[in-house]
Amino acid sequence: MITRRMFNQGLTAAALYSSTSATMTGSALGAEVQASERAEAEAAKQIAPAKASTPFRMGIIGAGSRGQELIRSFLRVPGVSVVAAADVYPLRFQQLSRVCTNDVAHYDDYRKLLERKDLDAVIVATPLGLHGEHVLAALKSGHNVYGEKVMAYTVEQAQAIVSAAGEQKVIYQVGHQYRYSPWIRAAVARVQQGEIGEVTHIAGYWHRNNDWRRPVPESSLERLINWRLYHQWSLGLIAELGSHHIDIANWVFGANPEAAMASGSICRYHDGRETDDNVQMVLSYSGGRRFIFSSVTDNAKMGDQLWLYGSKGSLNLTLEDASFFYEPKKITRAVPVGNGKDALVTSASYAPSSEMPYRGAGKPVDVMTAEDPTTAATRAFVYCVRTGTKPISDARVGLGSAMAVIRANESLRGRAEVKI
Ligand SMILES: NC(=O)c1ccc[n+]([C@@H]2O[C@H](COP(=O)([O-])OP(=O)(O)OC[C@H]3O[C@@H](n4cnc5c(N)ncnc54)[C@H](O)[C@@H]3O)[C@@H](O)[C@H]2O)c1
């Protein structure tokens with residue numbers, strides 16, 4: 001890993017150039033090292049244990065599964081209470097009484113909640129198809145917002161959210177909590193500082209073995225509870241799972257993708273759902289770089305993991321850890337067929353052993369934390385509101401992944417590459 005100390009202590013720009021990237025100039029890399037260190041210093045401030053414990057009153061729109069998980073996380077931050085909740089499904093209010101010990105005002109219309117002037121921030125954790133309406137209304141009424149990913153269901157809504165957050169001068173953080181994982185931050189910083197050379201290819205798998213269905217007490221609630229399975233509310237696996245990986249790819253590449261190509265099908269669960277259960281996607285970035293993503297729902301071997309491939313090594317990221325692998329010194333050589341000067345060298349005659357994947361456990365990134373990234377992300381949001389600091393996962397970050405999700409879904413339906 002190239003640290004600022006090494007950089008200042010005489011690791012010259014030329015050495016850096018040759019040791020990390022064939023295309024990046026020494027000064028560009030120096031600037032990247034500095035930018036990466038500044039980002040880490042800023043992130044450390046946001047993620048650190050809260051010093052303030054001043055009262056911080058929150059409301060929530062959409063107190064379902066994720067909403068309640070977020071509330072549990074927010075309540076760990078000193079001073080935070082949740083005092084108001086809006087939902088269209090009354091069972092959620094009963095469930096909330098088990099999560100919050102104080103009285104929580106209930107609203108069946110979110111606009112009533114937004115009329116309150118005593119809230120320091122509002123959480124939006126409704127189905128994706130409603131994010132545009134709910135986040136925009138919350139921002140326009142002057143509230144700070146922690147809004148779940150994906151930022152919005154359409155490009156127009158996503159762009160309107162970016163504008164509204166800027167015009168209202170409020171804090172808006174998108175639920176890309178992996179930006180707040182200490183092991184992922186540490187690993188990505190090392191990649192940005194050149195440890196595995198230039199990364200041109202990232203692969204993400206989010207493979208599960210379950211049907212993605214939730215039990216429904218009565219059929220009239222099917223679409224409300226299983227909204228992920230219907231186009232009206234959902235952009236499918238690319239949105240629900242892939243958006244987190246897209247966000248990490250954007251972060252690593254330091255850019256948003258320029259084009260999306262995706263393909264999907266309902267392969268396994270022919271149960272009336274509309275969103276695909278088997279999806280693959282290719283996102284293209286400048287310089288020919290690519291992120292490929294696969295999500296299937298009937299085999300969990302690959303689980304949830306990302307692989308970053310660089311000219312000098314690879315990085316494996318999971319929900320719990322990160323490991324580096326370094327390219328073997330051995331060079332793959334063609335094997336001559338025949339003897340002497342008549343020997344024929346063909347690309348089909350490589351020695352099989354040199355084409356085998358290299359295995360082993362890799363070198364783990366040594367960052368010890370038992371903390372869930374959502375805990376860090378929610379704590380960081382409260383810090384940002386209290387101090388007026390721009391969140392790490394701000395509207396710009398949210399827009400980057402949202403645009404890719406939306407365009408990849410267009411590609412999936414239109415069966416052609418779509419410019420982003
Ligand atoms: N960041 C993450 O890792 C993560 C994880 C899970 C879910 N999510 C996101 O959180 C959001 C919610 O997902 P979920 O699994 O909690 O869904 P959910 O169905 O469990 O919860 C959504 C809630 O919104 C309510 N709702 C629906 N329409 C409403 C309306 N018009 N007004 C008010 N409330 C309404 C529903 O009744 C429900 O209680 C989604 O955008 C999802 O992508 C993010």
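**Exercise 1. Find which helix gives the largest share of the shell around the ligand, then describe that shell.**

*Solution.* Start with the helices: α4 supplies the largest share, 3 residues. Helices here are DSSP runs of H or I with at least four residues, strands are E runs of at least two, and both are numbered from the N terminus.

Now look at single residues. Of the 25 residues around the ligand, G62, G64, S65, R66 and Y89 come nearest; a residue is near if its C-beta atom, placed from the backbone, lies within 6 Å of the molecule. Last, sort the shell by type: 12 nonpolar, 7 polar and 6 charged. Here Ala, Val, Leu, Ile, Met, Phe, Trp, Tyr, Cys and Pro count as nonpolar, Asp, Glu, Lys and Arg as charged, and the others, Gly among them, as polar.

**Exercise 2. Decide how far to trust the model.**

*Solution.* This is a predicted model, in which local features need pLDDT of at least 70, side-chain atom pairs count only at pLDDT 80 or more, and totals for chains, interfaces and linings use all residues. Residues are numbered from 1 along each chain as its sequence is written.

First, take the average: the chain has a mean pLDDT (the predictor's confidence in each residue, from 0 to 100) of 90, and 88% of the residues score at least 70. Where pLDDT is low, the predicted coordinates should not be read in detail.

**Exercise 3. Describe helix α7 and what follows it.**

*Solution.* Begin with length: the 13 residues of α7 reach 19 Å from first C-alpha to last, close to the 18 Å expected at 1.5 Å a residue (1.5 Å times one less than the number of residues). Then list its buried residues: L128, H131, H134, V135, L136, A138 and L139. Buried means that 20 or more other C-beta atoms, placed from the backbone, lie within 10 Å of the residue's own. Finally, step past the end: just after α7, G142 has a positive phi of about 85 degrees.

**Exercise 4. Which residues touch the most other members of the largest nonpolar core?**

*Solution.* Of its 97 residues, they are M58, V252 and V405. Such a core joins buried Ala, Val, Leu, Ile, Met, Phe, Trp, Tyr and Cys residues through C-beta atoms within 7 Å. To finish, find the main contributor: helix α11 (residues 236–253) gives the most to this core, with 10 residues.

Methods
Buried ≥ 20, exposed ≤ 12 C-beta atoms within 10 Å, placed from the backbone.
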